[in-house]
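Grab a pencil and open the viewer.

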Amino acid sequence: MSSVQLSKQRSPRNRTITITKDDRIRLLPKLITELPKSPLKSMIQGTIHGDYNEWVRVLPFHKVDLLFLDPPYNLDKTFNGNRFSRQSVEAYTKWLDGVLEKIKPLLKPTASIYICGDWFSSTSIFEAASKHFIVRNRITWEREKGRGAKSNWKNSSEDIWFCTMSDEYTFNVEAVKLRRKVIAPYKVDGKPKDWQESAEGNYRDTHPSNIWTDITIPFWSMPENTDHPTQKSEKLLAKIILASTNQNDFVFDPFLGSGTTSVVAKKLQRQYLGIELDQEYCLLAEKRLELADEIRTIQGFADGVFWERNTLAEQQSIFKNGNGNGSNGNNHQDSIPDLFSLIRHE
Ligand SMILES: C[S@@+](CC[C@H](N)C(=O)[O-])C[C@H]1O[C@@H](n2cnc3c(N)ncnc32)[C@H](O)[C@@H]1O
């Protein structure tokens, strides 16, 4: 992929993260590549370049607080030359069951599990997941992009199945509230009922539901964008990590791709381990982890709440006007390391 990336002409405003020759020299030694001969006693942190099948056999048991599973979906897709083909529902269910069976011993009894899929993969996910875990919910998020179909409804949604190992688990609902504009402001005794008035508008911080319409798929002008074909947004991962872990908890992603899970875990001060089959994607993950030292903000998450899509101007204005919780007065969201301190932790 890097040769493709190097030769691609991109507009000056294109912020897609790519791997240069220098990046490669600097980042390759950071990848974990050597499979231990005997099982590890303690967890390791970082990016493994390898096959999850081999590594889960040597990773220690009961260390993971959150498993984020974003496997190849049950459709035809090529990941930098590695082709995955659509199978029957039965075959994909069996494959997924095998993945869960292998990873389950690594999870703590209090762990949460999130499994991603499109509508077709979802049938298999429910069946396989309910064999191993308590299935608690199915989140459906609106996928803005996507080609229209001539003889079918355009596919504009994806699912994330939320499961836990037991009835004892972390769920920080206050950490994942969604800030919505109030359309019909209702007052009691002249005072706002459950909403806030500000110079930028009227808002209400609402409880998160299982329909997410505020997710933007990374695209060329976003600083988190890479050429990975199925990159998840940092905002999506932030919701899951903030809801289902506390600081220093361990987050594991055995299908890491471009590294979104590890990057967000790092930004939110969690521990992390990711496994990825493709070296280019591993390097992208490491480059993003490096960048996370400078840019600790997460697009769409500011002032301790998640914001509806297309509200960057309002978010910036709040900080410019000093109305955020302890604003630093800086109005350029992507370069405000101090914004991180505004994240409302559990
Ligand atoms: C759906 S993508 C994950 C995207 C990721 N969530 C992101 O935000 O970039 C699935 C990834 O799993 C990787 N993969 C497939 N089989 C694998 C295996 N056996 N071990 C590790 N990674 C694998 C693919 O190369 C691909 O990058």
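A residue counts as buried if 20 or more other C-beta atoms lie within 10 Å of its own, and as exposed if 12 or fewer do. Keep in mind that this is a predicted model. Its protein chain has nine helices and 17 strands, and buried residues make up 36% of the 346 residues.

**Exercise 1. Find out how many residues of helix H6 are buried.**

Solution. 
- Step 1: Glu 234, Lys 235, Leu 236, Leu 237, Ala 238 and Lys 239 are among the buried ones.
- Step 2: carry on to the end of the helix. Ile 240, Ile 241, Leu 242, Ala 243 and Ser 244 are buried too.

**Exercise 2. Work out how H6 and H7 pack against each other.**

Solution. 
- Step 1: locate the pair. H6 covers residues 234-244 and H7 covers residues 260-267.
- Step 2: look at the geometry. The axes are 9 Å apart, at an angle of about 60°. That makes H6 oblique to H7.
- Step 3: get the handedness. H6 and H7 cross in a right-handed way.
- Step 4: list who meets whom. H6 brings Glu 234, Leu 237, Ala 238 and Ile 241, while H7 brings Thr 260, Thr 261, Val 263, Val 264 and Ala 265.
- Step 5: sort the residues of this contact. You get six nonpolar, two polar and one charged.

**Exercise 3. Which residues come nearest to the ligand?**

Solution. 
- Step 1: take the 21 residues around the ligand and pick the nearest. They are Asp 70, Phe 255, Gly 257, Ser 258 and Thr 260.
- Step 2: see which elements contribute. Helix H3 (52-55) and strand E15 (271-276) each supply at least two residues of the shell.
- Step 3: sort the shell. Eight of its residues are nonpolar, eight polar and five charged.

**Exercise 4. Is Leu 59 buried or exposed?**

Solution. 
- Step 1: find Leu 59 in the loop between H3 and strand E2 (64-69).
- Step 2: count neighbours. There are 23 other C-beta atoms within 10 Å, so Leu 59 is buried.
- Step 3: look beyond its neighbours within four places in sequence. Leu 59 is in contact with Leu 40 and Leu 106.
- Step 4: check one of those pairs. Leu 59 and Leu 106 are 47 residues apart along the chain, yet their C-alpha atoms are separated by 7.1 Å.

**Exercise 5. Asp 189 has a positive phi, and so does Asp 303. Decide whether each is buried or exposed.**

Solution. 
- Step 1: Asp 189, with phi near 50°, is in the loop between strands E9 and E10. It has 5 C-beta neighbours inside 10 Å, so Asp 189 is exposed.
- Step 2: Asp 303, with phi of about 60°, is in the loop between strands E16 and E17. It has 21 C-beta neighbours inside 10 Å, so Asp 303 is buried.

Key:
Residues numbered from 1 in each chain as written. Predicted model: local features only at pLDDT ≥ 70, side-chain atom pairs only at ≥ 80, totals over all residues. Axes fitted to C-alpha atoms, helices over the stretch in contact; angles between N-to-C directions. Helix = DSSP H or I, 4+ residues; strand = E, 2+ residues; numbered from the N terminus. Parallel < 35°, antiparallel > 145°, perpendicular 65-115°, else oblique. Left-handed = near helix turned anticlockwise from the far one by under 90°. Contact = placed C-beta atoms within 7 Å. Nonpolar A, V, L, I, M, F, W, Y, C, P; charged D, E, K, R; others polar. Near = placed C-beta within 6 Å.
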